[in-house]
Amino acid sequence: MSLEAIQALLLSLVPCFFWLWYIQGLGRYRREPAWMLGLALLAGAGSAYGVLLTCDFLEELAPGFLTVPHEPLRLMFYFVVAVGLMEEGWKMLCCWLAVYFLPSFDEPVDGLLYAGCVALGFATAENVKYILEAGGPAVLVGRAILSTFGHVLMSGVWGYALGMQKCRPSRAPLWLLALFAAALGHGLFDWFLTMDWPLAAVAVLAALWWLFSLRIQETARLSPYRVHRVHRVRECPRCGILHRAAASYCTGCGQRNESASAVCANCLTPAGGEERCARCGCLFVKTASTAG
Ligand SMILES: [Zn+2]
Ligand SMILES: [Zn+2]
C-alpha cells in the first residue's frame with residue numbers, strides 16, 4: 001500500500017468514525033457488540049468492491065451498456081437503476097449475508113443500525129477511491145456530509161425493512177419494495193446533483209432524513225429491551241392520593257401511612273419485593289426502604 005493510499009484511508013476514516021459514533025447510539029436500549037459493527041463496516045467495503053466487479057462484468061458482457069447517457073430522462077433512469085439499484089442492492093445483500101442471521105440482530109432498530117454501518121463501510125471505500133482519483137483530500141469536504149451520511153439515510157430505507165422482517169416475519173416482501181424505494185431516492189439524489197439542481201438534491205436528503213427520524217422513533221417504541229421504571233406507590237386512606245411507598249407520610253395531607261400495601265404506579269397491581277411488576281413488567285425504581 002502506498003503512502004498516499006494509507007493517507008487517503010486514514011482521512012476517510014474520520015467521517016466514518018464520526019457517523020459510526022452516531023449510528024451505534026441508535027440502539028439506545030441495548031448496545032450492539034463492537035465486532036458486529038466492524039463486520040458490517042467490512043461488509044459495506046466489500047459491497048463497494050462488488051459494485052466495481054459488477055460494472056466490469058457488465059462492461060465485458062455488453063460494452064457501452066454502462067455509458068452515461070446525455071438525455072435527461074435516460075440519465076435519470078441510469079442513476080436510479082445502474083447506480084441506485086446496483087449500489088443499494090449490493091449493500092443490502094452484504095448486510096443480509098454478514099449480520100442478518102446473527103443472534104445480536106434481534107430488534108427492529110438493528111436493521112437501521114447495521115444498514116447504517118454497511119453504508120458507512122461503502123462510503124468510506126468510495127471516499128478512499130475518490131481521494132486517490134482526485135489526487136487530494138479536498139474532495140472529502142463535501143463528501144463527508146452529503147455523500148457519506150446520504151448513504152446512511154438511503155440504506156436506512158431497506159435497513160428498516162430488514163429489521164422489521166427479522167423481528168416480525170411476514171410474507172410480504174417489504175424488503176423488495178424498500179430496496180426499490182432506496183434506489184429511487186439514491187438515483188434522484190445523484191441525478192439532481194448531475195443536473196446541477198443542488199437544492200433539489202438537498203430536498204431528497206431532507207425527505208430521507210425525515211423518514212429516518214420517524215423510523216428511529218418507531219423502532220425505539222418496538223424495542224423489546226425498552227424498560228419503564230416506575231415507583232411503588234401507596235394510596236393514602238385519608239385523602240386518597242397515591243404517594244411513593246418509600247415515604248412514611250402522605251405527601252398530600254401528612255397522614256402517617258404504613259398500613260396500605262404498595263402497588264405498581266403503572267397498573268396498580270400489588271407490588272412486593274420483586275424487581276419488576278408481575279402484571280405490566282415495569283421495572284421498579286430502587287429505593288432504600290423498599291429494597292427487599
Ligand atoms: Zn393523604
Ligand atoms: Zn404494573
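**Helices, loops and zinc**

Biologist: Is the crossing of α2 and α3 left-handed or right-handed?

Modeller: Helices here are DSSP runs of H or I with at least four residues, strands are runs of E with at least two, and both are numbered from the N terminus. A crossing is left-handed if the near helix is turned anticlockwise from the far one by less than a right angle, and right-handed if clockwise. By that rule, the crossing of α2 and α3 is right-handed.

Biologist: What kind of model is this?

Modeller: Residues are numbered from 1 along each chain as its sequence is written, while chains are lettered from A and ligands numbered from 1 in the order in which they are written. Side-chain values use heavy atoms, leaving out hydrogens and water; local features need pLDDT of at least 70, side-chain atom pairs count only at pLDDT 80 or more, and totals for chains, interfaces and linings use all residues, the model being predicted.

Biologist: At what angle do the axes of helix α2 and helix α3 cross?

Modeller: Axes are lines fitted to C-alpha atoms, for helices over the stretch in contact, and angles run from 0 to 180 degrees between N-to-C directions. Angles under 35 degrees count as roughly parallel, over 145 as roughly antiparallel, 65 to 115 as roughly perpendicular and the rest as oblique, and α2 and α3 are therefore oblique to each other. The axes of α2 (residues 34-61) and α3 (residues 72-100) come within 8 Å, and they cross at roughly 140 degrees.

Biologist: Are α6 and α7 roughly parallel or roughly antiparallel to each other?

Modeller: Their axes are 7 Å apart, and the packing angle is about 160 degrees. α6 passes α7 in a left-handed crossing. On the angle, α6 and α7 are therefore roughly antiparallel.

Biologist: How far apart are the axes of α4 and α7?

Modeller: These two are therefore oblique to each other, and α4 passes α7 in a left-handed crossing. Helix α4 (residues 108-134) packs against α7 at an angle of about 140 degrees, with an axis separation of 8 Å.

Biologist: How far apart do the C-alpha centres of domain 1 and domain 2 lie?

Modeller: The bounds come from an automatic or database domain assignment. They put domain 1 at 3-221 and domain 2 at 228-292. The C-alpha centres of the two domains lie apart by 49 Å.

Biologist: Which residues coordinate the zinc ion (ligand 1)?

Modeller: Donors are N, O and S atoms within 2.8 Å of the metal (3.2 Å for Na, K and Ca), and sites may look incomplete as water is not among the atoms. The donors here follow the spacing C-x2-C-x10-C-x2-C along the chain. At 2.3 Å, each through SG, they are Cys236, Cys239, Cys250 and Cys253.

Biologist: What is the arrangement of the four donor atoms around that zinc ion (ligand 1)?

Modeller: Four donors count as tetrahedral if all angles lie between 85 and 135 degrees; four count as square planar and six as octahedral if opposite donors are over 155 degrees apart and all others between 65 and 115, and anything else is irregular. The ideal angle for four tetrahedral donors is 109.5 degrees. The angles at ligand 1 are 104 to 114 degrees, which makes the arrangement tetrahedral.

Biologist: Is Cys250 buried or exposed?

Modeller: Buried means under 20% relative accessible area, exposed over 50%, and partly exposed in between (1.4 Å probe, protein chains only). Cys239, at 36%, is partly exposed. Cys250 has a relative accessible area of 4%, so it is buried.

Biologist: And which are the protein donors of the zinc ion (ligand 2)?

Modeller: Along the chain their spacing is C-x2-C-x9-C-x2-C. The donor atoms subtend angles of 101 to 115 degrees, which makes this site tetrahedral. The SG atoms lie 2.3 Å from the ion, and the residues are Cys264, Cys267, Cys277 and Cys280.

Biologist: What is the phi of Asp196?

Modeller: Most residues other than glycine have a negative phi. Asp196 sits in the loop between α6 (174-194) and α7 (198-221), and is exposed at 61% relative accessible area. Although Asp196 is not a glycine, its phi is positive, at about 65 degrees.
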